[in-house]
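Dear colleague,

Please find below the structure that I am handing over to you. My notes on the findings follow directly after it.

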Amino acid sequence: MTPPKHIRTPLARVRGFGAAKSGTGHFWLQRVTAIANIPLTIVAVIIMIMLLGRNQPAVAQILGSSTVAIIMLLFIVSIMAHMRIGMQVVIEDYVHDETAKLGLLIANNFFVAIVGLTAVYGILKLSFGL
Amino acid sequence: MAEARSFEGPRAAERPLSPHLQIYRPMLTMMMSIVHRITGIGLYFGTLLLAWWINSAAGPNGYAKFEAFIGSWIGRLILFGYTWALIHHMLGGIRHLIWDTGRGFGPNEREWLVAANLVGSIAITVLLWIVGLLFVGGPQ
């Protein structure tokens with residue numbers, strides 16, 4: 001058996017990502033969520049305008065109704081996935097200090113998880129009438 | 001940008017970096033690219049407002065607090081800015097999706113696209129607020 005000429009594993013060579021560590025996954029997800037965001041944003045804005053000036057029980061009932069709740073959940077999940085990648089790109093582009101960059105990338109994930117799940121929880125709560 | 005050292009530390013070689021913003025003459029397409037990022041960042045933090053609105057709807061006291069904030073002049077200003085950022089970022093996203101297909105890169109086409117993006121976002125924002133305030137009853 002001849003010794004290998006380099007220490008890269010066959011798996012790493014097949015994946016072909018090199019120092020980038022990942023491929024076009026983020027690029028693609030950003031576009032898929034962008035396409036999803038267009039109709040979802042339009043419908044969400046219409047829902048928000050229709051809820052203007054209504055009292056709290058009416059808002060709670062409409063926001064919690066099945067169709068509106070599902071649309072809002074799709075809207076929340078899609079924008080959260082989209083903005084997580086967007087903010088990550090902004091951080092990677094402008095923050096060059098490695099420690100600060102790592103901290104901000106983690107904070108980005110925490111922000112999206114907390115705000116996203118809080119919004120999802122709010123919709124589910126209205127929908128299930130808890 | 002020579003002072004923009006990488007994380008390699010002070011002993012890293014002073015390699016030339018690619019030219020950045022301050023090298024180029026400002027152009028509309030470039031400015032709109034920056035605005036797309038800024039509106040994206042604004043929308044990012046604006047989701048706090050969305051989460052607050054949704055969760056406030058669970059009870060009358062919470063919803064009254066939200067309505068008091070969003071009905072105040074600062075609340076309305078934030079909501080107006082948020083509306084514009086949302087519409088502008090959405091139209092800018094459509095522009096980028098068109099560009100992703102390889103179309104619209106001609107000198108006139110790209111200028112037209114960014115101009116339509118800007119004019120469209122302002123027009124739609126104003127229209128939405130007219131509809132919201134006059135026909136639906138406003139945030140009160």
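Predicted model: local features only at pLDDT ≥ 70, side-chain atom pairs only at ≥ 80, totals over all residues.

The members of the patch are B:F80, B:L118, B:V119, B:I122, B:V126, B:L127, B:I130, B:V131, B:L133, B:L134, B:F135 and B:V136. Together they have about 1,100 Å² of accessible area. B:L127, one of these residues, is located in helix α4 of chain B.

The second topic is the interface of the two chains. Here 41 residues of chain A are in contact with 32 residues of chain B. About 3,100 Å² of area is buried between the chains, and carbon and sulfur atoms account for 76% of that area. Three residues stand out on the side of chain B: B:R37, B:Y44 and B:I54 supply 22% of the area that chain B buries against chain A, more than any other three residues.

As for polar interactions, six residue pairs are in polar contact across the interface of chain B and chain A, counting pairs with both residues at pLDDT 80 or more. Four helices of chain B each supply at least two residues of the side that touches chain A: α1 (28-56), α2 (60-71), α3 (73-100) and α4 (107-136). Of these, α1 of chain B provides the largest share, with 11 residues. Sorted by class, the side of chain B that touches chain A comprises 21 nonpolar, seven polar and four charged residues.

Finally, I turn to the salt bridges. Over all chains the count is three. One such pair crosses between chains, running from A:R31 in helix α2 (residues 25-51) of chain A to B:D100 in helix α3 of chain B. The side chains of A:R31 and B:D100 meet at 2.7 Å, N to O. Between chain B and chain A, the count is two salt bridges.

With kind regards

Conventions:
Residues numbered from 1 in each chain as written. Chains lettered and ligands numbered in written order. Heavy atoms only, no water. Contact = heavy atoms within 4.5 Å. Buried area = accessible area lost by both parts, 1.4 Å probe. Salt bridge = Lys/Arg side-chain N within 4 Å of Asp/Glu carboxyl O. Polar contact = N/O pair within 3.5 Å; in protein donor to acceptor, adjacent residues only side chain to side chain. Nonpolar A, V, L, I, M, F, W, Y, C, P; charged D, E, K, R; others polar. Patch = residues over 30% accessible without salt bridge, like charges linked within 9 Å, V, L, I, M, F, W, Y side chains within 5 Å. Areas by Shrake-Rupley, 256 points an atom, 1.4 Å probe, with all protein chains shown as cover.
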